[in-house]
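This report sets out the architecture, surface, pocket and side-chain contacts of one protein. Please consult the sequence and structure shown below while reading.

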Amino acid sequence: FSALSGLLFPGKEEAAFSNFRLWESTGSVITYAYSPYLCTQTKLYCLIGIMCLGIVGYGVIEYTQKIERSDPESKPDFELVANGETNDTTKL
């Protein structure tokens with residue numbers, strides 16, 4: 001998931017990784033805090049629920065990224081140049 005954070009926020013990788021580590025640490029602290037108050041079965045149900053939410057969230061991210069990449073109207077942010085001439089990228 002750490003690599004996905006870098007891919008989703010190009011140019012802002014440092015902030016993305018910092019945000020990822022912040023929420024990872026927050027989850028660890030919350031888990032440690034409620035651990036003595038809940039039985040194992042309840043903790044497992046909570047983790048399964050959070051895992052399901054994460055899987056759905058990941059699927060949504062993958063789907064939206066797929067739609068953005070397949071948009072035919074978007075033009076590339078670069079131009080191919082060979083021997084000092086500008087090439088038309090639509091002919092590739």
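## Architecture

How many helices and strands does the protein have? The protein has 3 helices and 2 strands, where helices (H or I, at least four residues) and strands (E, at least two) are DSSP runs numbered from the N terminus. Their order from the N terminus is α-α-α-β-β.

The model is predicted, with local features requiring pLDDT of at least 70 and side-chain atom pairs counted only at pLDDT 80 or more, while totals for chains, interfaces and linings use all residues. Residues are numbered from 1 along each chain as its sequence is written, and side-chain values use heavy atoms, leaving out hydrogens and water.

## Surface and burial

Of the 92 residues in the protein, 7% are buried (buried means under 20% relative accessible area, exposed over 50% and partly exposed in between, with a 1.4 Å probe and protein chains only). The accessible surface is about 8,200 Å², and carbon and sulfur atoms account for 63% of this area. Accessible areas come from the Shrake-Rupley method with a 1.4 Å probe; for residues, only the protein chains shown count as cover.

Leu 44, Tyr 45, Ile 48, Met 51 and Ile 55 form a nonpolar surface patch of about 540 Å². Such patches consist of residues with over 30% relative accessible area and no salt bridge, nonpolar side chains (Val, Leu, Ile, Met, Phe, Trp, Tyr) being joined within 5 Å and like charges within 9 Å. Met 51 belongs to helix α3 and, with a relative accessible area of 48%, is partly exposed.

## The largest pocket

The largest pocket holds about 230 Å³ of space. A pocket is an open set of points on a 1 Å grid over the protein atoms alone, where a 1.4 Å probe fits, with protein on both sides within 12 Å along at least five of seven lines; lining residues have an atom within 4 Å of a point. The volume is the space filled by probe spheres set on the points, which are joined across faces, edges and corners.

Gly 27, Thr 31, Tyr 34, Leu 47, Ile 50, Met 51 and Gly 54 line this pocket. Helices α2 and α3 (40-69) each supply at least two lining residues, and α3 gives the most, with 4. The lining comprises 4 nonpolar, 3 polar and no charged residues; here Ala, Val, Leu, Ile, Met, Phe, Trp, Tyr, Cys and Pro count as nonpolar, Asp, Glu, Lys and Arg as charged, and the others, Gly among them, as polar.

## Salt bridge

The structure holds 1 salt bridge, defined as a side-chain nitrogen of Lys or Arg within 4 Å of a carboxyl oxygen of Asp or Glu. Glu 24 pairs with Arg 21, and their closest N and O atoms are 2.6 Å apart. Both residues lie in helix α2 (residues 13-34), 3 residues apart, about one turn of the helix. Glu 24 is partly exposed at 38% relative accessibility, and Arg 21 is partly exposed at 43%.
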